[in-house]
Amino acid sequence: MMERAICVSLADSHTRRQAILGMAITCGGLALVSSELWAQAKEEVSHTAESIHQEVVFKASAKRVYEALIDSKQFEEVVKLGDAMKTRMPLGAPPTKISREVGGAFSTFGGLIVGRQIELVPDKRIVQAWRPAYWEPGVYSVVKFDLTDSGAGTKLVLDHRGFPDGDGKSLLDGWNKNYWQPLAKFLA
């Protein structure tokens, strides 16, 4: 009987050792798979995403530039001087609507550009969730206008990030032809 008890005890401890070893191997395997997945996720981070950075000086006060960008009636006049009015906007397109409240919506260029105000610091900064209407629903980029005094005028620094790859050239062209050139004419 004693012999049988020893055999059962050895069998139990052998099973326990196997269970412990099995658990260690399983945990190690999960850690390895988890590390591999983490490495894969790190590889998906883009270090080449397109962005636009521009610095433009206007012969106007920061207050005047800010108001031209945030006031519906003034920006509608800028739109009328831009390239989109001649080439992209359909006849009878809806007028510019720009909320002056954080979280408020805006729609410019006859609804071709839409978004929400994220941050508004009068005469200093405008940050918007910004998108052309042709992008996939729910896709927004972030546009930031920073305004600083520059001699007798105002330096506007634009940073535009988070837009779909391949859109940079077209957006850059749009900033120049539909914002900076007509805004300079409007403020002159």
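A: Axes here are lines fitted to C-alpha atoms, for helices over the stretch in contact, and angles run from 0 to 180 degrees between N-to-C directions. Helices (H or I, at least four residues) and strands (E, at least two) are DSSP runs numbered from the N terminus. This is a predicted model, where local features need pLDDT of at least 70, side-chain atom pairs count only at pLDDT 80 or more, and totals for chains, interfaces and linings use all residues. Residues are numbered from 1 along each chain as its sequence is written, and side-chain values use heavy atoms, with hydrogens and water left out.

Q: OK. At what angle do α2 and α3 pack?
A: Helix α2 (residues 62-70) and helix α3 (residues 72-81) pack at about 85°, with axes 5 Å apart. They are therefore roughly perpendicular to each other. Angles under 35 degrees count as roughly parallel, over 145 as roughly antiparallel, 65 to 115 as roughly perpendicular and the rest as oblique.

Q: Which residues make that contact?
A: From α2, Arg64, Glu67, Ala68, Leu69 and Ile70; from α3, Ser72, Gln74 and Phe75. Contact means heavy atoms within 4.5 Å. By class, the contact of α2 with α3 has four nonpolar, two polar and two charged residues. Ala, Val, Leu, Ile, Met, Phe, Trp, Tyr, Cys and Pro count as nonpolar, Asp, Glu, Lys and Arg as charged, and the others, Gly among them, as polar.

Q: And how does α2 sit against α5?
A: Helix α5 (residues 168-187) packs on α2 at an angle of about 120°, with the axes 11 Å apart, so α2 and α5 are oblique to each other. α2 passes α5 in a right-handed crossing; a crossing is left-handed if the near helix is turned anticlockwise from the far one by less than a right angle, and right-handed if clockwise. Arg64, Val65, Ala68 and Leu69 of α2 touch Tyr179, Leu183, Phe186 and Leu187 of α5. Seven of these contact residues are nonpolar, none polar and one charged.

Q: Where does α3 meet α5?
A: Gln74, Phe75, Glu77, Val78 and Leu81 in α3 meet Asn178, Tyr179, Pro182, Leu183, Lys185 and Phe186 in α5. The angle between α3 and α5 is about 110° and their axes are 8 Å apart, so they are roughly perpendicular.

Q: Switching to voids. How many cavities of 30 Å³ or more are there?
A: One, from a search of the whole structure. On a 1 Å grid over the protein atoms alone, a cavity is a set of points where a 1.4 Å probe fits but cannot get out, and a pocket is an open set with protein on both sides within 12 Å along at least five of seven lines; lining residues have an atom within 4 Å of a point. Grid points are joined across faces, edges and corners, and a volume is the space filled by probe spheres set on the points.

Q: What lines the largest cavity?
A: Leu69, Phe75, Ile98, Phe106, Thr108, Gln128, Phe145 and Tyr179. The space inside is about 70 Å³.

Q: And how much space lies in the largest pocket?
A: About 290 Å³. Of its 15 lining residues, the closest to the centre are Arg88, Ile113, Pro132, Tyr134 and Asn178. α5 gives the largest share of the lining, six residues.
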